[in-house]
Amino acid sequence: MSNADLDNTARTILIENDQGGYTVPTKGLYPYQWNWDSVFVALGFATFDQDRAWREIEMLFEGQWRDGMVPHILFRKDDPSYFPGPKVWGTDGGPIPSSGHSQPPVAATVIRDLVDTDRSGKALERAGALFPQLMNWHRWYLAYRDPDNLGVLAIIHPWESGRDNLPDWDDALRAVEVKDIEPYERKDTSHVDPAMRPHKEDYDRYLSIMAACRSVGWDPAEVARTCPFFVADPGVTFIFLRASRDLLVLADKLGKEAEADEIRGWIAHMEKGAKNLWNGDLHAHVAFDRRTGKHTDGISSMSFLAPYAGLADAKTLTSLQGHFDRIAAKVRYTMPSYDPDHPSFEPLRYWRGPVWAMVNYMIARGFAEAGDAIRAEKLRSDTAQLVETSGFAEYFSPETAAGAGGGTFSWTAAIWLTWASPTHVKQAA
Ligand code: DGY
């Protein structure tokens, strides 16, 4: 397929996954609105319909909880093809039935991008309408995912990281007691090869964490205090820090001085706090279990987001470039979601090895901003080759380029349109 054909296919995927203002990640496997999926999808729509891009994010924020949280799934209608649905979550925090936790907060970054690339003259007004909601969401993250004020954000469920079965969660997840769950039937493995999905032992614990949070009524302070899983995540932390920098730019553009001061305080605090994620043996930022204080021993693709978060001091950048080159020599396509030199690496099992287009996009952006155009371009051309070889899959083998997980995937299509497509590169030049 030519690049022009791929551009057309990508646009068609977004249009066909559109449910009337919001987009499903892919039909069947994920039939609802997912938080960070939608936000990346907005970047894809923005390449041909800016109004529709805004609508995607506005509809996501319609589901914001009273306490400020923006849920990871909005169940706008019941769909029996997905498990666990709204009844299992048992939440009551917002105006739309939803899951009970959040997902990486990329929204402020993408909203800033929409403002910067606006062709309608209306973007700042739309950003202004969402600004208080963004502030409340960021405040919620700081209050309930960093209750001890360490300057790093934790997740209360592997799903909150967006990287469900990442090896980083293994130890903390195994420590979760399996209890208070009803017999259940998974639906994901009826849509996708089970070898590409998490194991049943993982699902038993995913549901046990939900049961524990349900038992405290999803009260965010109680969840932070008692949740059996509470792990500081470099992914959410770096994405939040980056988003806070973009929120600050929006605050300045909108003349929100008090909020700008508040955000500056968050940024300064998190720049220091990020040191808590540093693993001195690996020379990289990794996850650590907030309950046990133990760091993980592997490098995930999100370790490479430090420059994206604005943490590009010489020590961090040089050591990341070393890891990048080591990994690039080991697999054909960067960036595997987990270090291929780690024993837990599995090239086709969801977040234990496969390459994800939107992660590559974020890493490349950070590297380019830190002055490393060569590695940024390798990430882009690897992503383009993956799509050219296997289409708009959910994720890809870093070894063979085989597509895996769901097909006709919205955020893969969006990232192609906004960044990976050679047509886009030519237009941007
Ligand atoms: C799933 O159902 O696999 C999702 O990743 C949860 O967000």
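Reply: Helix 2 (35-46), helix 5 (107-116), helix 15 (357-369), helix 17 (410-420) and helix 18 (422-428) each give at least two residues to the lining of the largest pocket. Helices are DSSP runs of H or I with at least four residues, strands are E runs of at least two, and both are numbered from the N terminus. The model is predicted, with pLDDT of at least 70 needed for local features and 80 or more for side-chain atom pairs, while totals for chains, interfaces and linings use all residues. Residues are numbered from 1 along each chain as its sequence is written, and side-chain values use heavy atoms, without hydrogens or water.

Helix 18 provides the largest share of this lining, 3 residues. In total 16 residues line the largest pocket, and Leu-43, Thr-47, Thr-117, Thr-418 and His-424 lie nearest its centre. On a 1 Å grid over the protein atoms alone, a pocket is an open set of points with protein on both sides within 12 Å along at least five of seven lines, a cavity is a set where a 1.4 Å probe fits but cannot get out, and lining residues have an atom within 4 Å of a point. The space in the largest pocket is about 400 Å³, a volume being what probe spheres set on the points fill, with points joined across faces, edges and corners. The lining of the largest pocket has 8 nonpolar, 5 polar and 3 charged residues (nonpolar: Ala, Val, Leu, Ile, Met, Phe, Trp, Tyr, Cys and Pro; charged: Asp, Glu, Lys and Arg; polar: the others, Gly among them).

The second largest pocket holds about 310 Å³. Its lining counts 21 residues, with Asp-168, Asp-171, Ala-172, Lys-294 and Thr-296 closest to the centre. Helix 8 (170-174) and strand 7 (288-289) each supply at least two residues to the lining of the second largest pocket, and helix 8 gives the most, 3 residues. By class, that lining has 9 nonpolar, 5 polar and 7 charged residues.

The largest cavity has about 210 Å³ of space. Among its 21 lining residues, Tyr-30, Trp-34, Gln-103, Asp-164 and Tyr-350 lie nearest the centre; the lining has 13 nonpolar, 3 polar and 5 charged residues.

The second largest cavity has about 50 Å³. Its lining includes Trp-65, Trp-140, Trp-218 and Arg-145, and helix 6 (123-145) and helix 11 (220-226) each contribute at least two residues to that lining. The lining of the second largest cavity has 6 nonpolar, 1 polar and 2 charged residues.
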